[in-house]
Amino acid sequence: MHKFRYLSWNDKVFYIVNALVLTIFFIMVLYPCIFVVSASLSEGMYVNNGKVVLFPVGFTWENYSMALSMEVIWIGFFNSVKYAAIGAFISVSMTMTVAYALSRDNVPGNKVVMFLYLVTMFFSGGLIPTYLVIRSLDMVNTMWALVLPGAVTAYNMIVARTFIRNSIPNELLEASMMDGCSDIVYYVRIVLPLSKAIIAVNTLNAVVSQWNSYMSPMIYLNDRNKMTLPIFLKEILLNSTIEVTEGMDYLEIAKMNERMASMKYAIIVMTMVPILILYPFIQKYFVKGVMVGSVKG
Amino acid sequence: MEKNTQATAKPTAYKKSVWKKAAARWQIYLLLILPVALLLIFNYAPMAGVVIAFKKFSLRKGIWDSPWVGFANFEKFFTSFKFPLILKNTIILSIYGFAASFPLPIVLALCLNAMRGRRYKKVIQTVTYLPHFISTVVMVGLLFSVLSNRSGLYGALYTGMTGEIGPNILGNPKSFRHLYVWSDVWKNTGYAAVIYIAALAGVDVSLHQSAEIDGASRFQRMIYIDLPTIMPSISILLILEVGKILSVGAERVLLMQNTLNMQYSEVISTYVYKMGIASGASNDYSFSTAVGLFNSVVNFILLIVTNKISDKISGNAIF
């Protein structure tokens, strides 16, 4: 790359404008996040009067201790962890198994199975028929309604299949077969260990989508002890109003409302932290996963 | 032609070898049993269940014994007073959303690609695709908190600059569409750009070098070299996007919906949810299924049409 001062006049303008535009977009994404963190560490009074702009005002951990003392947060958290772990395990193991089976040549009928998966990319029964099927299987109000229906998505499966086809040489299969390796042993001992990158991507995808899912738990669960974090978060973040009991005076209600507003910020930060911690580790795999997807074969 | 005669020459031998081949691969079939069972139960059984759109389904009678009603459920939807409003909202939301959220990732990828300074570039890319991992619930919560005219960032800035309390954006039903579209842009632009950035990494460097020698500016190279390189990816994603134009997801709309903005926010998917699942004893399964089916059929037609057009114009098609 040439040194900046040797560039032509109009290239200089281009680079400066380009950097400026990107910086503006960068700030637009980052600023709300910084604000949320600062507001969560400020006293409710200052947040409510619009005193918090960039840095915390009246630094306090109170919002966090208040948020952590809510029982529903813990119930939701443990349920979400459980569903995400089990869901990701089922999803990844099923996806890899199908991807391997369909990556093999000379299996009569596997084109038909492939076609069945492809069709699901464009057609689906829709919300109500799916609900009725799950209902008829007695899976309503159980974890299975959340983890089984979306376990294998055609897109993820095709990406994994492409990965297996392109990155594991066919000679390996021939050599293993020569040594008397069966199809299942080859899958478990050779294919899976060589597919770590795609397994990581799929695990990440499955965990994130299960963790963030809101519609399915809302539709299928009705027992409060089984509900997931997003359901409780919705209650707290989007339609929380203070229960006004008798004997509360106006000032007290106003004060509670103030605290509620700043506590919401603490909850938002808390739900973002796990992802922020994992992020640097999964990031490189993630870009890789998208790239594998872009070279479909 | 030669191949044909070969295949027909010894059909019996061919047939036998298929069964032999299949028998040799029995372990593969074993691996497929469970996933294919899931596929049939959770994807294909619901597809068959779509027949209830043409029936008057009741849970007591079950799918087979419920009486056929032909297109009555569709007629009911098309003639209902809500139909024009719902259709209008769905179309406006999806076209507005598409117009904003489709080109921006392309622009972001091109700009990032043309940027000098590796480290800063990396930082921008990493931060801008972070919001993708925030759940919809939290994103909507964040949106509402930040845009509050009292306790939010918007309120703080407005009050700081003018000394007054700002107008209430969230309480204004007309702002729903803008909030819906731009919050999605905020959340997904960085992530959607990743696929283009990956494609841009494959641009032939010698093209840039020779263009530079011929006196092309960086902007010209961006338009005439970088953009054409990612054109195939753009067309494929365009086809897929247009195929989804009538499917505004229910999740985010439901979360942002309130009684005030209903007039702008009620879309097909939320209507299906409300009529079929959220109305308790008066759930009308058949009617909701019909509405959902109408939506899928329109989407599929759009997909086929754009695929055909793209195939004719640019030679890029998904099937």
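Chain B has 17 helices and zero strands. Its radius of gyration is 26 Å, well over the 20 Å that the globule rule gives for 319 residues, so chain B is more spread out than a compact globule. This is a predicted model.

Next, the outline. Taken along the principal axes, the C-alpha atoms of chain B fill a box of roughly 85 × 70 × 40 Å.

Now look inside the chain. Of the 319 residues in chain B, 34% are buried. Here a residue counts as buried if 20 or more other C-beta atoms lie within 10 Å of its own. Contacts can also be sorted by sequence separation. Take those in chain B between residues at least 6 apart in sequence: 64% of them join residues at least 24 apart.

Then turn to the partner chain. Chain A gives 78 residues to the contact, and chain B gives 78 residues. Which helix supplies the largest share of the side of chain B that touches chain A? Helix H3 (residues 26–49) of chain B does, with 15 residues. By class, the side of chain B that touches chain A has 51 nonpolar residues, 21 polar and six charged.

Definitions and conventions:
Residues numbered from 1 in each chain as written. Chains lettered and ligands numbered in written order. Predicted model: local features only at pLDDT ≥ 70, side-chain atom pairs only at ≥ 80, totals over all residues. Contact = placed C-beta atoms within 7 Å. Helix = DSSP H or I, 4+ residues; strand = E, 2+ residues; numbered from the N terminus. Nonpolar A, V, L, I, M, F, W, Y, C, P; charged D, E, K, R; others polar. Rg over C-alpha atoms; globule rule 2.2 N^0.38 Å. Buried ≥ 20, exposed ≤ 12 C-beta atoms within 10 Å, placed from the backbone.
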